[in-house]
Amino acid sequence: KQWYQRRVAITAGEYKSYLRKMSNEVDKAQTASAGGDTIFGKIIRKEIPANIVYEDEQALAFADVNPVAPKHFLVIPKKPIPGISSAESSDAGLLGHLMIVAKTVAEQEKLEDGYRVVINNGKDGAQSVYHLHLHVIGGRQMSWPPG
């Protein structure tokens with residue numbers, strides 16, 4: 001089984017093998033780097049499949065392939081912003097829109113008892129894909145403090 005319908009870079013087996021080598025997001029973040037195309041860019045262009053739960057002209061939301069809770073989806077801008085620290089003042093409207101998309105999809109997913117929104121930024125923030133993304137995590141009691 002291929003990781004996506006058209007072979008762009010790797011098969012599912014190769015990708016899963018890579019993930020096994022990188023034991024967790026922190027490990028993956030240590031080797032990730034900004035620049036170039038990302039897996040999220042390929043999802044936006046529909047070059048690889050994703051379980052898309054929301055899409056409009058500015059944003060896309062889809063189920064996380066490695067969920068950490070019963071409900072775990074990502075919200076990404078279609079504009080390629082590497083991380084929150086790379087966002088500019090002119091991105092304020094888009095950033096607000098991403099939060100509204102997170103809220104909208106959380107309602108769609110029936111997360112009325114609550115959920116957590118997380119943005120990882122940079123190596124120490126455990127960012128493993130350098131395309132800004134919001135993790136929306138719910139369907140269970142979250143613990144505190146996170147991290």
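Begin by selecting F62, which lies in strand 2; strands (E, at least two residues) and helices (H or I, at least four) are DSSP runs, numbered from the N terminus. The model is a predicted one, in which local features need pLDDT of at least 70 and side-chain atom pairs count only at pLDDT 80 or more, while totals for chains, interfaces and linings use all residues. Residues are numbered from 1 along each chain as its sequence is written, and side-chain values use heavy atoms, with hydrogens and water left out.

Is F62 buried or exposed? Its relative accessibility is 4%, so F62 counts as buried, a word used here for under 20% relative accessible area, with exposed meaning over 50% and partly exposed in between (1.4 Å probe, protein chains only). Now show what surrounds F62: leaving aside neighbours within four places in sequence, its contacts (heavy atoms within 4.5 Å) include F40, I43, V53 and I76.

Next, select strand 3 (71-77), where L74 stands opposite F62. Strand 2 and strand 3 pair in the antiparallel sense over five bridges, where pairing requires that DSSP finds at least two bridges between two strands. Six of the seven residues of strand 3 are buried, so this strand is largely enclosed by the rest of the structure.

On strand 3, find H72, which stands opposite I137 in strand 5; five bridges join these two antiparallel strands. Computed along the chain or through space, how far apart are F62 and H72? They are 10 residues apart in sequence and 8.8 Å apart in space, C-alpha to C-alpha.

Continue to strand 5 (residues 134-138), which four bridges join to strand 4 in an antiparallel arrangement, and look for V117, whose bridge partner in strand 5 is V136.

Now display the whole sheet, an open one in which five strands follow the order 1-2-3-5-4 with antiparallel pairing. Strand 1 (52-55) and strand 4 (115-118) stand at the edges with a single partner strand each, so one side of each has no neighbour in the sheet. From one strand to the next, the twist averages 20 degrees.

Finally, select helix 4 (residues 92-108), which packs on the sheet and touches strand 1, strand 2, strand 3, strand 4 and strand 5. Its direction makes about 155 degrees with that of strand 3, where axes are lines fitted to C-alpha atoms, for helices over the stretch in contact, and angles run from 0 to 180 degrees between N-to-C directions.
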